[in-house]
Each structure stands twice: as structure tokens, then as C-alpha cells.
Amino acid sequence: MTTTVWIILASAVLTYLSRIGGHLVLSRFDRIHPRVEASLNAVPAAVLTTLVAPAAYHGGPAEIAAMLVAAIVGWRSGLMTMFIVGAAVLIAGRNLL
């Protein structure tokens, strides 16, 4: 097998172990402290921010337009609609601009 295949397999195994490990640790507790719960609820927003921030800082007009449209759609609609519309605007902007 090539090095790329080994990297992909190792990443998959480590991702699975980190997810199941977090579940196993949290399942040992009857109640989770409210601060821990609040911090766990903030993780998706933090991850999304780390994905969007570089595009906002270094992005061109297509990326900026996609983020603005996605923000407006996300304010009015659900997350899946926001991602689909944002991706469509980004693809269209990169092909037209």
C-alpha cells in the first residue's frame, strides 16, 4: 500500500478512537457539570470558525460573497440550507469570477 493509503487509514482509526473515547469518558458520569456541557456545546462553533476565518481573511470575491450569502441564509433558515446555498454561491463565484 502507498503512504497515502496508510495516512488515510491511520487518520480514520484515530478519528474513530477519539470519538469513541470521548463517549466512553462522558458515559461514566451520571451528570455532567454545566460548565463542561457549555464548553462541549461550543465546540462546533469553534471548529466552524477555524474553517471560515482563513477564507474570510485570505479569500477573494467568491469566498466573501459565499460567506455573506450563507450568513443571510443561515439567519433565516436552517444549517443544511445555509451550507448548500453557501457552497453553490462559492462554486458559481469561482467559475464566473
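Ala55 touches Glu63 and Met67, leaving out residues up to four places away in sequence. Contact here means heavy atoms within 4.5 Å. This is a predicted model, in which local features need pLDDT of at least 70, side-chain atom pairs count only at pLDDT 80 or more, and totals for chains, interfaces and linings use all residues. Residues are numbered from 1 along each chain as its sequence is written, and side-chain values use heavy atoms, with hydrogens and water left out.

**The chain**

The chain has four helices and zero strands. From the N terminus on, the order is α-α-α-α. Its radius of gyration is 18 Å, well over the 13 Å that the globule rule gives for 97 residues, so the chain is more spread out than a compact globule. That radius is taken over C-alpha atoms, and the globule rule is 2.2 Å times the number of residues to the power 0.38. Along its principal axes the C-alpha trace spans about 50 × 45 × 25 Å. Of the 97 residues, 8% count as buried. Helices (H or I, at least four residues) and strands (E, at least two) are DSSP runs, numbered from the N terminus.

| Pair | Angle | Axis separation |
|---|---|---|
| α2 (residues 34-58) and α3 (residues 61-76) | about 130 degrees | 8 Å |
| α3 and α4 (residues 79-96) | about 160 degrees | 8 Å |

Axes are lines fitted to C-alpha atoms, for helices over the stretch in contact, and angles run from 0 to 180 degrees between N-to-C directions. Angles under 35 degrees count as roughly parallel, over 145 as roughly antiparallel, 65 to 115 as roughly perpendicular and the rest as oblique.

**α2 against α3**

α2 and α3 are therefore oblique to each other. Their crossing is left-handed. A crossing has that hand if the near helix is turned anticlockwise from the far one by less than a right angle, and is right-handed if clockwise. Val52, Ala55 and Ala56 of α2 make the contact with Glu63, Ile64 and Met67 of α3. By class, this contact has five nonpolar, no polar and one charged residues. Ala, Val, Leu, Ile, Met, Phe, Trp, Tyr, Cys and Pro count as nonpolar, Asp, Glu, Lys and Arg as charged, and the others, Gly among them, as polar.

**α3 against α4**

The angle makes α3 roughly antiparallel to α4. α3 passes α4 in a right-handed crossing. On the α3 side, the contact includes Ala62, Glu63, Ala65 and Ala66. Among the α4 residues they meet are Val89, Leu90, Gly93 and Arg94. The contact divides into 10 nonpolar, four polar and two charged residues.

Ala55 sits in helix α2. At 28% relative accessibility, Ala55 counts as partly exposed. Buried means under 20% relative accessible area, exposed over 50%, and partly exposed in between (1.4 Å probe, protein chains only). Ala55 and Asp30 are 25 residues apart in sequence and 41 Å apart in space, C-alpha to C-alpha.

Glu63 belongs to helix α3. Glu63 is buried, with a relative accessible area of 16%. Not counting residues up to four places away in sequence, Glu63 touches Ala55, Leu90 and Arg94.

Ile64 also lies in helix α3. Ile64 counts as partly exposed at 34% relative accessibility. Neighbours within four places in sequence aside, Ile64 is in contact with Ala56 and Gly59. Ile64 and Gly93 are 29 residues apart in sequence but 9.7 Å apart in space, C-alpha to C-alpha.
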